[in-house]
Amino acid sequence: MHSTLPVQQEHPGQPPAPADDRAGDDGGRTGDGGRRDRLAALDGLRLAAALMVVAYHYVAFDSGAWSVPARTLFPTAHLPASYGWLGVQLFFLISGFVICMSCWGKSAGDFALARVARLYPAYWFAVLGVALVVRLWPSVNDAPALRSVAVNLTMLQDPLGVEPVDGVYWTLWVELRFYLLFALVVHRGLTYRRAVGFCVAWAFAAVVAEASENGTLRQILMPDDCWYFIAGIAFYLMHRFRPNPVLWLLVGGSLFIAQYDLLAAQARAEGHMGHRVPQWPTAVLVTLFFLAVMAIALGWTRRVNWRWLPVAGTLTYPLYLLHERIGWVVIKHADGRVPPHVLLPALVAVMLLAAWLVHRCVERPLARRIKDGMRRAVREIRNG
């Protein structure tokens, strides 16, 4: 069985889950006439992050799906794709921005309902779909046990030590922990002061967790990944209010610490790829990620409002959930029958189409029903 463990994973269990809400939902800076500006550039960044991860798994990851090493088939694309694992870091950075934006003015209950309705419909479909495909064609990965599939449907397989149906699902546990921590602020009422206080407290606590080497604290505080969420929150506060030295210190400190942790992350990525790559592009790319989100926060990308960007943003989550193991099965069976330079772009196009169908036929209708059903359930519980 070929491993699909994540490049940054420390416990069994391989974003940006990705950032979850459409970039323009719930919160953005209010422009003239009360119209809320849609941050379409965030949708573009999310698509870029998702495609980076797809390129990494199809062209650089040592999956065994291709009949010959991918570096032989794609000598030009192989090196850039070897840095595609960094798309997860970009997802986390965007998630900090978007979650803070979407929570403004909401109660903790509304926040929880929105997260459940947003995450689970596409996820349930992906778990069942991937499990079925791998069970029918176990040519690259072993078919998951039915009891593992059942646990995966809860999205809690990682903390329970259960084999994931697809390796990319590790990021969902990271996102869930971020939501739980941020819910503490949302419960009290999200304000500028509380958001800044949360970032400062989380940063300090994460450093303590790292120094203490306490496994429980590390699980809760995520000292390897928290810096992207903290920077994303600080960037949103710059967008909603204005930049100030405290916010710049939060962003700069997060970037510096994240750069240090990336060396270990790259070593793990190289283990999955089976080859080494230069370190300096990793630091450059993460810095560019921060600069890109900074440009959005400061309003430099307001002219980027192409109509296709919101659609692209909706595709990133289902694309992320579906692409890895299903894509490997397709490659395994089509390689040798279809030229690689035709197979690869065609596969990406098919995955994007599948993501769009999942969004239209699964995510949108189920999310609405889940929200309505849970709201009724909460009212019944409150009324006794």
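**Figure 1. Threonine 316 is buried in a predicted model.** Threonine 316 has 0% relative accessibility and counts as buried. Buried means under 20% relative accessible area, exposed means over 50%, and partly exposed lies in between (1.4 Å probe, protein chains only). The residue sits in helix α14, residues 308-334. Helices (H or I, at least four residues) and strands (E, at least two) are DSSP runs, numbered from the N terminus. A polar atom of the threonine 316 side chain lies 2.9 Å from the backbone oxygen of glycine 313. This is a predicted model, in which local features need pLDDT of at least 70 and side-chain atom pairs count only at pLDDT 80 or more, while totals for chains, interfaces and linings use all residues. Residues are numbered from 1 along each chain as its sequence is written, and side-chain values use heavy atoms, with hydrogens and water left out.

**Figure 2. Tyrosine 317 is in helix α14****.** What is the relative accessible area of tyrosine 317? The value is 0%, so tyrosine 317 is buried. A polar atom of the tyrosine 317 side chain lies 2.9 Å from the backbone oxygen of leucine 119. Tyrosine 317 and alanine 231 are 86 residues apart along the chain. Their C-alpha atoms are separated by 21 Å.

Figure 3. A disulfide is a covalent bond between the sulfur atoms of two cysteines. Cysteine 103 counts as buried, at 0% relative accessibility.

**Figure 4. Glutamate 213 has a positive phi****.** Most residues other than glycine have a negative phi. Phi of glutamate 213 is near 55°, and the residue is not a glycine. Where is glutamate 213 placed? Glutamate 213 is in the loop between α9 (192-212) and α10 (215-221). Glutamate 213 counts as exposed, at 67% relative accessibility.

**Figure 5. Methionine 222 has a positive phi and is buried****.** The phi of methionine 222 is about 50°, although the residue is not a glycine. Methionine 222 lies in the loop between α10 and α11 (226-240). Is methionine 222 buried or exposed? Methionine 222 is buried, with a relative accessible area of 3%.

**Figure 6. Tryptophan 85 is in a loop****.** The loop runs between α3 (78-81) and α4 (87-103). Tryptophan 85 counts as buried, at 2% relative accessibility. Tryptophan 85 and alanine 258 are 173 residues apart in sequence. In space they are 15 Å apart, C-alpha to C-alpha.

**Figure 7. Alanine 264 is partly exposed in helix α12****.** Helix α12 covers residues 245-273. Alanine 264 has 40% relative accessibility and counts as partly exposed. Which distance separates the C-alpha atoms of alanine 264 and aspartate 224? These atoms are separated by 9.9 Å, with the residues 40 apart along the chain.

**Figure 8. Asparagine 383 is in the segment after α15****.** Helix α15 spans 340-382. Asparagine 383 is exposed, with a relative accessible area of 68%. The C-alpha atoms of asparagine 383 and leucine 181 are separated by 28 Å. Along the chain, these residues are 202 apart.

Figure 9. Along the principal axes, the C-alpha atoms fill a box of roughly 60 × 50 × 45 Å. Buried residues make up 54% of the 384 residues.

Definitions and conventions:
A polar contact is a pair of N or O atoms within 3.5 Å; within protein, one must be able to donate a hydrogen and the other to accept it, and residues adjacent in sequence count only if both atoms are side-chain atoms.
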